[in-house]
Amino acid sequence: MAELARKVVLDGTARGHTVAVAESLTGGLVAAAITSVPGASAVFRGSVTAYATEIKASVLGVDADLLARAGAVDPEVARQMAAGVRRLLGATIGLATTGVAGPTEQDGKPVGLVYIGYDGPAGPIARELRLEGDREAIRAQTVAQALALVFS
């Protein structure tokens, strides 16, 4: 994971891009990984840990009707979170994580179902992951996949 975070900082610096992160199930782990790299301040704008569903709407601008209809674990929610944090923090790239780390399902969604949202030069993207393992493993795998998506 450290190497992926280093790549985000180096590639972002070389390309003149900045990154902002909106996190739910990862609770700040993506931001922590990026900011652990020396020189991260050239790339990292900041983050919002929107763990509660209503914060996704009120702070990040995720459509409240979508959240009521689909729940927080949804590809469009991930895309809107990424777009919202990008806009809110004035970044070139917005990245978002939402999903179910366990130990039990959430809103009828199974443990291990994760969406990573991206909004930036490559367009809006939502990547679905079906991860296995305990809560810690699912969160760690999500961080790695999110970092890998930034400049893929």
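A nonpolar core is a set of buried Ala, Val, Leu, Ile, Met, Phe, Trp, Tyr and Cys residues joined through side-chain atoms within 4.5 Å. Buried here means under 20% relative accessible area, with exposed over 50% and partly exposed in between (1.4 Å probe, protein chains only). With these terms in hand, let us walk through the structure.

This is a predicted model, in which local features need pLDDT of at least 70 and side-chain atom pairs count only at pLDDT 80 or more, while totals for chains, interfaces and linings use all residues. Residues are numbered from 1 along each chain as its sequence is written, and side-chain values use heavy atoms, leaving out hydrogens and water.

**The cores**

The largest nonpolar core holds 29 residues, and Val 19, Val 30, Ile 34, Leu 95 and Leu 147 have the most contacts inside it. At least two residues of this core come from each of α1, β1, α2, β3, β4 and α6; these helices (H or I, at least four residues) and strands (E, at least two) are DSSP runs, numbered from the N terminus. The largest share, six residues, is supplied by α6. Another core lies apart from it, with 15 residues, among them Ala 20, Val 48, Leu 66 and Ala 72.

What does Val 30 touch? Not counting residues up to four places away in sequence, Val 30 touches Val 21, Glu 23, Leu 95, Thr 97, Val 143, Ala 146 and Leu 147. Contact means heavy atoms within 4.5 Å.

**The sheet**

Five strands form an open sheet with mixed pairing, in the order β2-β1-β3-β4-β5. The edges are held by β2 (44–49) and β5, each with a single partner strand, so one side of each has no neighbour in the sheet. From one strand to the next, the twist averages 15°. Two strands pair if DSSP finds at least two bridges between them.

| Strands | Sense | Bridges |
|---|---|---|
| β1 and β2 | parallel | five |
| β3 and β4 | antiparallel | six |
| β4 and β5 | antiparallel | six |

Glu 23 stands opposite Thr 49 in β2, Leu 95 has Tyr 118 in β4 as its bridge partner, and Tyr 115 has Glu 128 in β5. A hairpin is formed by β4 and β5, with five residues between them, and Gly 123 in the turn has a positive phi of about 95°.

How many of the residues of β4 are buried? Seven of its seven residues are buried. Leu 113, Tyr 115, Gly 117 and Asp 119 point one way, and Val 114, Ile 116 and Tyr 118 point the other. In a regular strand the side chains alternate between the two faces of the sheet.

Helix α5 has 15 residues and reaches 21 Å from its first C-alpha to its last. Val 77, Ala 78, Met 81, Ala 82, Gly 84 and Val 85 are its buried residues. What covers them includes α3 (53–58) and α4 (64–70).

Notes. Axes fitted to C-alpha atoms, helices over the stretch in contact; angles between N-to-C directions. Expected span 1.5 Å × (residues − 1).
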